Amino acid sequence: QLEEATQKLSMTSKSGDERAIALEKAQKEEDNVKMELRKISEKQALDLDEAQRALSSLHSAVCKQGPTPVLGGIGIALGTETINVKGKQTKMVKITQLASSGPAAKSGMCKIGDLLVEIDGKDVLNLDIKQVKELTKGAPGSPMRLKAQRPATGAQYEVVLERSGGTGTSMASVSDASSMASSLAGAAVGKIL
């Protein structure tokens, strides 16, 4: 019996040892999982810090630029027309629409179909619509000298317009444009040339 009890005790010890070994192994695995989770958490924190720094840098860059300037125009829509100029087919930019309350319409000079020749002394014959449109934009209230041509007669005219702020309240008139003409090197304001 003693021998049998010793064997049982021995087996119980073994199973206790096995349990202790299994418990130790489980503890090591748990520690490894915790370490991996800590590494992942630290990496995510670093990624978040990096993203916050990048966002902060972008925000600073945008704020340093300041507000986008407000640009006004003269109340025209543009298109193109191919015409014969000195025996050569040339694509020219023309007025396709006039805003009734815009500076171009209020001047009384600009008409739908007129071909644009110059803006502020710059020849626009070789420019595309986008480039010409950019030339018509400027600070609201700023003057713009427009030289255009009537397609039917070939007569050219020049007019000084005041860019509006897009509200329709700032309008060009020949009398107002006359005061701006002296600053634009004696432009013939509101006259057919």
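Which residues touch the most other members in the largest nonpolar core? In this predicted model, they are Ile76, Cys110, Leu116, Val132, Leu146, Val159 and Leu161, within a core of 19 residues. Strands S1 (76-85), S2 (88-98), S3 (115-119), S5 (143-149) and S6 (156-162) each supply at least two residues of this core. A nonpolar core is taken here as a set of buried Ala, Val, Leu, Ile, Met, Phe, Trp, Tyr and Cys residues joined through side-chain atoms within 4.5 Å. In soluble globular proteins, nonpolar side chains tend to be buried together.

Residues are numbered from 1 along each chain as its sequence is written, and side-chain values use heavy atoms, with hydrogens and water left out. Because the model is predicted, local features need pLDDT of at least 70 and side-chain atom pairs count only at pLDDT 80 or more, whereas totals for chains, interfaces and linings use all residues.

The protein contains four helices and seven strands, where helices (H or I, at least four residues) and strands (E, at least two) are DSSP runs numbered from the N terminus. Along the sequence, these elements follow the pattern α-β-β-α-β-β-α-β-β-α-β. Of the 193 residues, 26% count as buried; buried means under 20% relative accessible area, exposed over 50%, and partly exposed in between (1.4 Å probe, protein chains only). The accessible surface comes to about 13000 Å², and carbon and sulfur atoms hold 55% of that surface. Accessible areas come from the Shrake-Rupley method with a 1.4 Å probe, and for residues only the protein chains shown count as cover. Among contacts with a separation of 6 or more, 53% are made by residues 24 or more positions apart, a contact being heavy atoms within 4.5 Å.

Mean pLDDT, the predictor's confidence in each residue from 0 to 100, is 78 for the protein, and 74% of the residues reach 70 or more. Over residues 167-193, pLDDT stays under 50, and the model has 55 contacts beyond four places in sequence for this segment.

Seven salt bridges are present in the structure, each defined as a side-chain nitrogen of Lys or Arg within 4 Å of a carboxyl oxygen of Asp or Glu. Side chains of opposite charge can pair when their charged atoms come close. Glu36 pairs with Lys39, with 3.9 Å between the closest N and O atoms. These two residues are three apart in helix H1, so about one helical turn separates Glu36 from Lys39. Glu36 is partly exposed at 44% relative accessibility, and Lys39 is partly exposed at 47%. A salt bridge also joins the side chains of Lys43 and Asp47, at 3.2 Å from N to O. Both Lys43 and Asp47 belong to helix H1 and are four residues apart, about one turn of the helix. Asp47 is partly exposed, with 39% relative accessibility.

A further salt bridge links Asp120 to Arg163, with the closest N and O atoms 3.5 Å apart. Asp120 lies in the loop between S3 and strand S4 (122-123), and Arg163 in the loop between S6 and helix H4 (174-181), so the pair ties together parts that are 43 residues apart in sequence. Asp120 is partly exposed at 36% relative accessible area, whereas Arg163 is buried at 5%. Asp120 also has a positive phi of about 50°, although it is not a glycine. Most residues other than glycine have a negative phi.

Helix H1 (residues 2-65) includes Ile40, which together with Val33 and Leu37 makes a nonpolar surface patch of about 280 Å². Patches are made of residues with over 30% relative accessible area and no salt bridge; like charges are joined within 9 Å, and nonpolar side chains (Val, Leu, Ile, Met, Phe, Trp, Tyr) within 5 Å. Ile40 is partly exposed, with a relative accessible area of 44%.

Lys130 is located in helix H3 (residues 129-136) and is exposed at 65% relative accessible area. Lys130 and Leu78 are 52 residues apart in sequence, while their C-alpha atoms are 9.1 Å apart in space.
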